[in-house]
Amino acid sequence: MVYFCCMAAPTSFTAREVEIQELENNYLIPTYARYPLVIDHGRGCWVYDLEGRRYLDFLSGLGVNALGHAHPRIVKVIREQAARAIHVSNLYYHPYQGRLAHRLSRLADMDRAFLCNSGTEAIEGALKIARLYSQEAKDKFHVVALENSFHGRTLGALSATGQAKYRTPFEPLVPGAAFARFNDLEDLRAKVNEQTSAILLEAIQGEGGIFELDADYLRAAEELARRCNAVLIFDEIQCGLGRTGEYFAFQRSGVKPDIVVTSKPLAAGLPLGAIIAREPVASALTAGMHGTTFGGGPLACRVALEFLDILEQEHLLEHVQRVGAHMRACLEDLKDHFHFIKTIRGRGLMLALDLEFPSRPLMLEALHAGLLINSTHDTVLRFLPPFIIREEEVDRGIRILRKLFASYKPAPQV
Ligand SMILES: *Cc1c(COP(=O)(O)O)cnc(C)c1O
């Protein structure tokens with residue numbers, strides 16, 4: 001764990017910022033190593049601190065704010081729906097849950113959906129569906145995921161997450177998980193067998209540092225899942241819903257998974273997750289076997305429908321492809337100038353630079369220079385800008401990075 005005490009000095013804080021930070025330090029369960037910034041509000045691709053200083057948001061609240069901040073259509077629909085019904089119990093119907101399930105099923109070319117509140121909750125549900133679907137066969141409860149994957153923090157999703165730093169403190173976890181090496185078909189074939197109930201993959205690993213699975217690999221995984229009667233689950237929580245310039249990142253491979261799990265940008269910042277599934281897998285889950293209090297409420301569902309409308313009507317997938325290609329070209333140019341950039345990875349607006357040294361200090365310098373980016377997987381700088389970002393805004397962020405890179409001296413490694 002790295003804490004602020006050993007990093008670049010933060011800019012000085014005002015009394016109000018200090019008060020906010022101290023309250024959290026004293027009263028929050030200390031799980032978050034926060035960056036030194038108090039965000040007050042946002043507009044489009046920019047966020048503002050309490051002093052009115054603005055920051056260009058290349059991170060979108062970790063992939064959530066795909067429409068940036070304060071999108072007028074989202075604000076309008078939230079106002080309208082909040083005055084009608086924010087929540088109704090899943091004991092009753094409301095007009096938006098079925099519509100959203102229909103819409104998501106169509107987009108993923110699947111049959112049914114279940115709405116919940118977060119990514120990890122959607123993974124939990126998907127793993128439960130896989131278990132039920134596999135129930136007839138004895139011992140068929142194993143899950144094969146990948147090394148370096150990230151599927152969430154609840155115990156089931158954590159059990160299928162292939163990173164020791166998240167898992168080890170909480171062991172023993174749910175039994176039956178195995179982790180195959182990334183993009184290594186032989187290893188996947190060695191680990192999947194008749195006892196496998198689910199194969200769980202991210203088409204592009206997000207938290208793990210933006211690593212993309214080959215289309216051939218996805219196709220072979222599908223074949224393997226069919227052969228062993230295992231449920232093929234794609235975790236599109238981060239790479240899905242337009243981030244790569246397609247509705248779902250797996251779609252370029254032509255593979256048909258059994259379940260797609262998605263969440264982050266789905267309700268434009270409100271908590272919402274979805275399990276989208278094909279028959280007969282989808283109907284393995286029957287009345288009373290799964291549920292949620294908040295999931296699929298009218299406010300979140302209506303906002304998600306508006307989000308999907310905006311994606312379509314404003315041609316944001318094409319926009320993501322175009323601006324993403326521009327951003328990638330800018331990153332290529334940076335790489336030509338700075339030898340410490342080892343690789344550029346990703347597609348669409350899900351991009352990363354892998355550096356020769358830890359990336360977190362640079363992320364902090366970028367913050368001080370007015371640019372929000374993320375450091376993940378030790379040496380990686382991750383970029384997940386809002387889908388609505390314009391080329392001029394990309395250029396502006398790249399100029400900030402170029403300046404930082406030109407003057408940056410990594411601390412000596414110990
Ligand atoms: C963020 C993320 C999750 C977990 O989602 P939460 O909403 O934080 O529970 C799972 N899988 C992937 C790929 C993610 O990026």
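**A walk through a predicted model**

Set aside residues up to four places away in sequence, and Asn148 touches Gly162, Gln163, Gln205, Gly208, Phe211 and His377. To find Asn148, look in the loop between strand 5 (142–146) and helix 6 (155–159). Asn148 has a relative accessible area of 16%, and because the cut-off for buried is under 20%, Asn148 counts as buried. One of the residues that Asn148 touches is Gln205, and here the two side chains make a polar contact at 2.9 Å.

What is Leu272 in contact with, leaving aside its neighbours within four places in sequence? The list includes Leu100, Leu115, Cys116, Asn117 and Ser118, along with Ser263, Leu266, Ala267, Gly296, Ala300 and Ala304. For a sense of distance, Val75 is 197 residues from Leu272 in sequence, and their C-alpha atoms lie 17 Å apart in space.

Finally, turn to the cysteines. A disulfide is a covalent bond between the sulfur atoms of two cysteines. How many disulfides does the count come to? The count is 0. Take Cys45: the closest cysteine sulfur to its own belongs to Cys330 and is 15 Å away, so the two are too far apart for a bond, given that a disulfide needs sulfur atoms within 2.5 Å. Cys45 is buried at 2% relative accessibility, and Cys228 is buried as well, with a relative accessible area of 7%.

Key:
Residues numbered from 1 in each chain as written. Predicted model: local features only at pLDDT ≥ 70, side-chain atom pairs only at ≥ 80, totals over all residues. Heavy atoms only, no water. Buried < 20%, exposed > 50% of the residue type's maximum accessible area, 1.4 Å probe, protein only. Helix = DSSP H or I, 4+ residues; strand = E, 2+ residues; numbered from the N terminus. Polar contact = N/O pair within 3.5 Å; in protein donor to acceptor, adjacent residues only side chain to side chain. Contact = heavy atoms within 4.5 Å.
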